[in-house]
Amino acid sequence: MSHYLDYNATALGRPEVGVAVADALALAGNPSSVHAPGRRARACLEDARAQVAALAGTSPENLLFTGSGTEANNLALSGPRPARILASAIEHPSILRPAAERPGGFALIPVDGHGVVDLGALKALLAEPSDGPVLVTVMMANNETGVLQPSEKVVEIAKQAGALVHIDAVQAAGRVALEFDRLGADLMSLSAHKLGGPKGVGVLVKRAEITLAPLIAGGGQERSLRAGTENLPGIAGFGRAALSALAELTGGTEIERQRDLRDRLEAAIAAATPAVVVVGGQVPRLVNTSCLAFPGVAAETLVIAFDLEGFAISAGSACSSGKVEASHVLAAMDLAPGLASSAIRVSVGYATTIQEIDAFVAACRVVLGRNAGAAALGVDRLPA
Ligand code: PLP
């Protein structure tokens, strides 16, 4: 029996999304063709745009479909005039890497020990002289800790200084209201697969007045800002996922249910293992995310051990090309190295059940019990 508890990496695909993808795949036309099949494909594309726009809290004409959240973030930084970019230190690599390469200059906005962006430091950076435009980019919620950032304040401060603002809402979408228009940001990124939509499709929301330099040259699709025949099945799936996510946000009890699951998990583990640290636990967080540090136990060991027990979770550190690197997010929070290297992320979603949470807590006993640091954690008190 396997249990999927890694929704922040990617959500389980929603069954209704599969239907929408299959329906779009059956459409013959190219959305740019003028004949009837082309017009049907175009209608499907525009329906999906309206569905995603409703989730983003803006008008459909502000949306550009991209090939991923990563591409949306890259495009957001591609203004024609090189802007000086101020990015929070906990941004996703799809912001930090391109930002560091942009010609207008780049500075990191630090975060505090809870992983919340330091607004005083942002103000100080904005007060520094700059030749050209300035773009502030701060995510709405962090992917590793779930910590919510003060987006409204960031926008307010940036606007007072005459800067542009991009919000990476990839993890926040479907979990908190985005309200792009009300927020007053200039740009916002979303990704379908974090909502239970298909992988490989994203959106950049853009206010009409903002000009960008396309990353891909070719045809005139997406207002000439994203050339290439549109990924219609992916986009239709994105629209359907956005519809379901918005329904969960605005009605029903799904968000509270996920919060209860997360709180149940954290309470059971904290009661039994007093040494556990809930990273970001003192500040507002996404309802579905738990970043747990078990001091003295290597996170990679835990991820593998839980995998063997049938639980998919992830570590707060990235493993690339065989090299395990410390998480830049936890490092930016100045978390003690012993804590950062022992942090795992458990993230739940629409299909997670209470039984899976209880089974995970029980598996903690097995997994931590085998570990050298177990005595210090007091795992004997974990429910069997
Ligand atoms: N931004 C954040 C905060 C993310 O968590 C991710 C994915 O993990 C991305 C951007 C990139 O999205 P995609 O996987 O669609 O490229």
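Because the model is predicted, local features need pLDDT of at least 70 and side-chain atom pairs count only at pLDDT 80 or more, while totals for chains, interfaces and linings use all residues, and side-chain values use heavy atoms, with hydrogens and water left out.

**The sheet**

Start with the seven strands that form an open sheet in the order E2-E8-E7-E6-E5-E3-E4, with mixed pairing; strands (E, at least two residues) and helices (H or I, at least four) are DSSP runs numbered from the N terminus, and two strands pair if DSSP finds at least two bridges between them. At the edges, select E2 (63–66) and E4 (106–109), each of which pairs on one side only. From one strand to the next the twist averages 20°.

Now select strand E6, residues 164–168, where four of the five residues are buried (under 20% relative accessible area, with a 1.4 Å probe and protein chains only), so E6 is largely enclosed by the rest of the structure. Strand E5 (residues 134–137) pairs with E6 in the parallel sense over three bridges, and Val165 in E6 is the bridge partner of Val136. Strand E7 (residues 187–191) also runs parallel to E6 and is joined to E6 by three bridges; here, show Ile167 and find Met188 of E7 standing opposite.

Next, select helix H5 (residues 119–127), which lies across strand E3 (84–88), E4 and E5 and runs at about 160° to E4; angles run from 0 to 180 degrees between N-to-C directions, and axes are lines fitted to C-alpha atoms, for helices over the stretch in contact.

**Helices H11 and H14**

Finally, select H11 (residues 299–308) and H14 (residues 354–369), whose axes come within 10 Å and cross at roughly 120°. Show Leu302, Ala305 and Phe306 in H11, which meet Phe360, Ala363, Cys364, Val367 and Leu368 in H14.

Note on methods:
Residues are numbered from 1 along each chain as its sequence is written. Contact means heavy atoms within 4.5 Å. Buried means under 20% relative accessible area, exposed over 50%, partly exposed in between (1.4 Å probe, protein chains only).
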